[in-house]
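Biologist: I would like to learn how to read salt bridges and strand pairing in a model. Can we take them one after the other?

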Amino acid sequence: MLRPALLSEPLNRRAWLRTTGVVAALGAALPATTALAAGENNAMASVTQIVDMSPLQQDISRDFLIGSRVAWQEFNTRERARGRTIQHLVVETDGSARAVKAAWQSAVIDPTCVALSGCVGDATAAAVASLQRIPSSNALPLVAPWLQREWSDSENAVFPAFPDYQAQIAHAMKSLAVMGVKQAGVVYATPALQKELSASIALASSAQGLKLQTLLADKRPAVPPALILFIGGTPELHAFAHLVGGKTGSHCYLIALADVNLQVLTQLGGVPQNISVIVTQPVPVVSSGLPVVRSYRTALGKLYDEPPSQHGLAGYIAARYTAEVLATLGTNVSRTGALAAFRKRTDQQIGGFLIAYQGDKLSNANVTQSMLTSDGRIVG
C-alpha cells in the first residue's frame, strides 16, 4: 500500500496527474486495485473511497478526490488532539466491474473500515450500491456517493447527499421554460445514457410544456437549435461543441448535467465563439458566499495549487458529511454504530449546505447552474 506523506506545499494539477497517472498505470497492470492512504497511523477507524480513474471519468474523479482529501485533512487536524482521527483510504480503479468489486471487497474485509465515503463516478457508485445488496451481517454504509442516477435503496445502506439526474433535469427544464423556450434539442453521448435517461427527460420536458428534438452526437444538424440539452461527459461535450459550432451559424447554448467539468473544458481548449455551455450542478456555485464554499476554497488554496470546481466542492461536502456523522459516535466508532448513525438520517447543515431526507430520499434539491461563456469565462 502506498502511503504518501502529508502535503507540505500546494500540489498543482500537473503534479497530481503525474502522481495519479502512475497509480492508474499500476492499477491497469495489476489484477486488483491500488490503494492510497492519508497518513493517520493511530486512527480509531478508517473510511474507504472507491474512485473511477477511467479516461472518461478521471477529471471528475480527481477533482472530487482532491476535495475529499482536503476535508479529511481538515477533520483530522482538528480532531487529532481528541484522539478521534479517521484514516482516509482511497482505492483507485479502472471502472470495470471486476476492479470495483475487488475494491468493495477490500473495504468489506478490512476490520477498521466503518464506511464507504464519496465513491465516484456515477457508474462506479451504482456498481458499489449494487454490491451492497449482497446479504451480509457486517454491512457498510455507502455515504454521499456521486450517484447521479435514480436509485432504490431496499437495503437501507445508501445515504445520498447530492440531487440526482432527475432533479438536475427538472431544474434545467424549468430554467428553459422560464426563459420562454418552447423547443430545444437533446443529445445523448452514448446509447446507454439515452436508454437510462430518455424517459426522465421526456417526463420533465412534458411537465414544462417543452418539445424536444433528439439529435445525433456525431452529426451536425443542418440548423442547430438555439438550445441543446447535452447528456454526457466533458470530452464528449467538447467534441460535440466543435461539431455544431464554428465560424458560421447563430449562437447556440449547450445545457449539460453535472458530469461536465467546466474547468477541464477550458483546459481542453474551450468551445467555439458561437457556443456557450451551461452546466447544472448539485452543489452551490463555487463563487457562493456560503460558509462551506468559503471553507473549501480556503483549505484548497492552502493544500493544492488548483482552481475550485463544483466536483471538488462535492467531494469536500461528501467527506464533511461522513466525518460529522461519525464524530457523533465519539471515540467508539464501529461499523454497526456507523450504519445505525447514518440510518437515523438526521438533518445535517454542512456550512449552509442542507442534507435532509424524507424516508430514504433527499428532501432538498441543491441544484445550481454555472456557465462557460463564449469568451472563456466561467460565470457562477
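Modeller: Start with the definition: a salt bridge is a side-chain nitrogen of Lys or Arg within 4 Å of a carboxyl oxygen of Asp or Glu. Side chains of opposite charge can pair when their charged atoms come close. Keep in mind that this is a predicted model. In it, Asp-122 and Arg-149 form such a bridge, with N and O 2.8 Å apart. The two partners lie 27 residues apart, Asp-122 in helix H4 (residues 122-131) and Arg-149 in the loop between strand E6 (142-143) and strand E7 (158-159).

Biologist: How many salt bridges does this rule give?

Modeller: The count comes to eight.

Biologist: Is Asp-122 buried or exposed?

Modeller: Buried means under 20% relative accessible area. Asp-122 counts as buried because its relative accessibility is 6%.

Biologist: Which residue does Arg-345 meet in a salt bridge?

Modeller: Arg-345 meets Asp-153, at 3.5 Å from N to O. Arg-345 sits in the loop between helix H11 (335-343) and strand E14 (348-350), and Asp-153 in the loop between E6 and E7, so the pair ties together parts 192 residues apart in sequence. Both Arg-345 and Asp-153 are buried.

Biologist: Now the strands. Why is strand E12 described as largely enclosed by the rest of the structure?

Modeller: For a strand, ask how many of its residues are buried. In E12 (residues 275-281) seven of the seven are, so the strand is largely enclosed. Both faces are covered: one side carries Ile-275, Val-277, Val-279 and Gln-281, and the other Ser-276, Ile-278 and Thr-280.

Biologist: Do E11 and E12 run parallel or antiparallel?

Modeller: Strand pairing is read from the bridges between two strands. Strand E11 (residues 252-256) and E12 run parallel and are joined by five bridges. Ile-255 has Ile-278 of E12 as its bridge partner.

Biologist: Which strand runs antiparallel to E12?

Modeller: Strand E18 (residues 368-372), which five bridges join to E12. Here Val-279 stands opposite Ser-370.

Notes:
Residues numbered from 1 in each chain as written. Predicted model: local features only at pLDDT ≥ 70, side-chain atom pairs only at ≥ 80, totals over all residues. Heavy atoms only, no water. Helix = DSSP H or I, 4+ residues; strand = E, 2+ residues; numbered from the N terminus. Buried < 20%, exposed > 50% of the residue type's maximum accessible area, 1.4 Å probe, protein only. Pairing = 2+ DSSP bridges.
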